[in-house]
Amino acid sequence: MSAEVKSVALTRAEELESRIEELQATKRVLERLAGLCLGDHQPACPILDELLELRGFAFGPATASASDCRYAPASR
C-alpha cells in the first residue's frame with residue numbers, strides 16, 4: 001500500500017511541476033506583451049493583436065478586436 005501512495009504522490013508532483021512550468025511560460029508571455037503596450041489609450045492594442053493570433057484563445061461569447069482594447073496608462 002505505501003508503494004502505491006508513494007507512486008501517486010510522485011505522479012502528482014510531476015503533474016504539478018509541469019503545470020508550474022506552463023504557468024511560468026504564460027507569465028513570461030504576458031510580461032513580454034505588457035512591455036509592448038504603450039498604455040496611451042490608442043485604439044491599436046499589441047496585446048490583443050498577439051492574443052487573437054493564439055489558437056484557441058477566446059474572450060468569451062464574442063471575439064474581441066484590437067479596437068476593443070481599453071486600458072489604463074502603464075505605471076512606470
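Helices here are DSSP runs of H or I with at least four residues, numbered from the N terminus. With that in hand, this predicted model is quick to sketch: the chain has two helices and zero strands. H1 covers residues 2-36, and H2 covers residues 46-53.

**Overall picture**

- Of the 76 residues in the chain, 13% are buried.
- Looking at contacts with a separation of 6 or more, 38% of them come from residues 24 or more positions apart.

**How the helices meet**

- H1 and H2 pack with their axes 8 Å apart, at an angle of about 140°.
- That angle makes H1 oblique to H2, because the roughly antiparallel label is kept for angles over 145 degrees.
- On the H1 side, the contact is made by Arg32, Leu33, Ala34 and Leu36.
- H2 brings Pro46, Ile47, Glu50 and Leu51 to the contact.
- Sorted by type, the residues of this contact come out as six nonpolar, two charged and no polar.
- Arg32 and Glu50 are the charged ones, since Arg and Glu both count as charged.

**Salt bridges**

- The count for the model is four salt bridges, and three of them are picked out below, starting with Arg12 and Glu15, then Arg19 and Glu22, then Arg32 and Glu50.
- As background, side chains of opposite charge can pair when their charged atoms come close.
- Arg12 and Glu15 are joined by a salt bridge with an N to O distance of 3.5 Å. Both sit in H1, three residues apart, or about one turn of the helix.
- Arg12 counts as partly exposed, with a relative accessibility of 46%. Glu15 is partly exposed too, with a relative accessible area of 42%.
- Arg19 pairs with Glu22 in another salt bridge, and their closest N and O atoms are 2.7 Å apart. This pair also lies in H1, with three residues, about one turn of the helix, between one position and the other.
- For Arg19, the relative accessibility is 42%, so Arg19 counts as partly exposed. Glu22 lands in that class as well, at 44%.
- Arg32 and Glu50 form a salt bridge in which the closest N and O atoms are 3.0 Å apart. Here the pair links distant parts of the chain, with Arg32 in H1 and Glu50 in H2, 18 residues apart.
- Both partners are also on the list of residues that make the contact of H1 with H2.
- Arg32 is partly exposed, with a relative accessible area of 43%. Glu50 has a relative accessible area of 29%, so Glu50 is partly exposed rather than buried, a label that needs under 20%.

**The loop between H1 and H2**

- His41 lies in the loop between H1 and H2.
- His41 is worth a look for its backbone: phi is positive, at about 65°, although His41 is not a glycine.
- The relative accessible area of His41 is 53%, so His41 counts as exposed, the cut-off being over 50%.

**Where to be careful**

- Over residues 60-68, pLDDT stays under 50, and the model has 13 contacts beyond four places in sequence for this stretch.

Notes
Residues are numbered from 1 along each chain as its sequence is written. This is a predicted model: local features need pLDDT of at least 70, side-chain atom pairs count only at pLDDT 80 or more; totals for chains, interfaces and linings use all residues. Side-chain values use heavy atoms; hydrogens and water are left out. A salt bridge is a side-chain nitrogen of Lys or Arg within 4 Å of a carboxyl oxygen of Asp or Glu. Buried means under 20% relative accessible area, exposed over 50%, partly exposed in between (1.4 Å probe, protein chains only). pLDDT is the predictor's confidence in each residue, from 0 to 100. Contact means heavy atoms within 4.5 Å. Axes are lines fitted to C-alpha atoms, for helices over the stretch in contact, and angles run from 0 to 180 degrees between N-to-C directions. Angles under 35 degrees count as roughly parallel, over 145 as roughly antiparallel, 65 to 115 as roughly perpendicular and the rest as oblique.
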